[in-house]
Amino acid sequence: MSEEMKRLIAYVEDLYEDTNSCNMVKVQWFDKVDEVGVPLPMDFDDREIFFSLGRQDLNVECIDGLAAVLSVQHYEKFKGDTRYNLWQPYFCCRQIDNGDIKPFDVTQLQGYWSQEVLRTMFNATSSLKVRFKVPKSRPSSDGGLKRKCDAFNDDANPQKFIPSGASTSRFYGENIQQLCHGCHVEVLSQDSGIRGCWFRCLILKRHKDKIKVRYLELQDADETGNLEEWVMLTRVAKPDQLGVRFLGRPMVHPQRVEQSKASCFDVGAIVDAWWHGGWWEGIVLCQ
């Protein structure tokens, strides 16, 4: 989102923390038809964007959300089926190179095939799974049910709804001091682009109140291996906007691996939804 409240489209090449501890992204721009600055062919479309050579480093707070960018072939398939109207994708088949318009294969960009719109169009098994959180007013005392393995890898039951129901003392820090090398944990991200997502990690080292973790579903910027970083155990999460999450909850907690049967849930339930390799905090709005 630019200062003029105009949405700009970009491809994320890297994420990093600068010397001032600000979360930054390095992006390469797509140009819309009114941003190209060169004569366009007669066959251009309003939804077409052009890959450019322009790069820029931005604060992650500038990211307004995910954009879907398809090839021409996939865009035509998208338009031919009303089931996909949840998205409003762009398509790209050309790039701007030194003032010239040249062919470009957007499917070769890393991350292209992981876009949710493509997973849906090609009937990939749903990655959505939901677990219940314990509301502040009604903590569970029976231990509840725990989540199963990743629904994306379970062809027999592509979508499951699973309550978490863990006791509040266990879920919010009682076992933090016992965490050590080899333990599996979940780390809460509160960066702008992925705020409110718990990622699964393995502890590699511990030094006092710091742990070095390896993320199980996140790769590093070079995609040469899984992301590793140091995390403070004493750091607490910021309050959520609706005030339904526990205040003072730590940003690291033990990973719950117990299995159980799926369960129903009600509108208004406080849940975590498994999506794109992490548990996203949310509330059920409809069934």
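Which side chain does glutamate 228 meet in a salt bridge? It is the side chain of arginine 214, at 3.0 Å, N to O. Before I go on, a caution: this is a predicted model.

Let me stay with that pair. Glutamate 228 lies in strand E13, residues 226-232. Arginine 214 lies in strand E12, residues 210-219. So the pair ties together parts that are 14 residues apart in sequence. There is a third member.

Now the wider picture. The chain has 287 residues, and buried residues make up 40% of them. Its secondary structure comes to 3 helices and 16 strands. Take contacts between residues at least 6 apart in sequence: 58% of them join residues at least 24 apart.

The structure holds 10 salt bridges. Side chains of opposite charge can pair when their charged atoms come close. Here are two further pairs.

One is aspartate 64 with arginine 7. Their closest N and O atoms are 2.9 Å apart. This pair links distant parts of the chain, 57 residues apart. Aspartate 64 sits in the loop between strand E3 (49-59) and strand E4 (69-70). Arginine 7 sits in the segment before E1. Aspartate 64 is partly exposed, with a relative accessible area of 43%.

The other is aspartate 57 with lysine 26, with the closest N and O atoms 3.2 Å apart. Aspartate 57 lies in strand E3 and lysine 26 in strand E2, residues 23-32, so this pair ties together parts that are 31 residues apart in sequence. Aspartate 57 is partly exposed, at 36% relative accessible area. Lysine 26 counts as partly exposed too, at 29%.

Last item: the nonpolar surface. Which residues make the nonpolar surface patch of about 240 Å²? Val12, Leu15 and Ile63. Look at leucine 15 in particular. Its place is in strand E1, residues 9-17. Is leucine 15 buried or exposed? Leucine 15 is exposed, because its relative accessible area is 57% and the cut-off for exposed is over 50%.

Then find the bridge from aspartate 64 to arginine 7. Finish on the patch of Val12, Leu15 and Ile63.

Terms used: Residues numbered from 1 in each chain as written. Predicted model: local features only at pLDDT ≥ 70, side-chain atom pairs only at ≥ 80, totals over all residues. Heavy atoms only, no water. Patch = residues over 30% accessible without salt bridge, like charges linked within 9 Å, V, L, I, M, F, W, Y side chains within 5 Å. Areas by Shrake-Rupley, 256 points an atom, 1.4 Å probe, with all protein chains shown as cover. Salt bridge = Lys/Arg side-chain N within 4 Å of Asp/Glu carboxyl O. Helix = DSSP H or I, 4+ residues; strand = E, 2+ residues; numbered from the N terminus. Buried < 20%, exposed > 50% of the residue type's maximum accessible area, 1.4 Å probe, protein only. Contact = heavy atoms within 4.5 Å.
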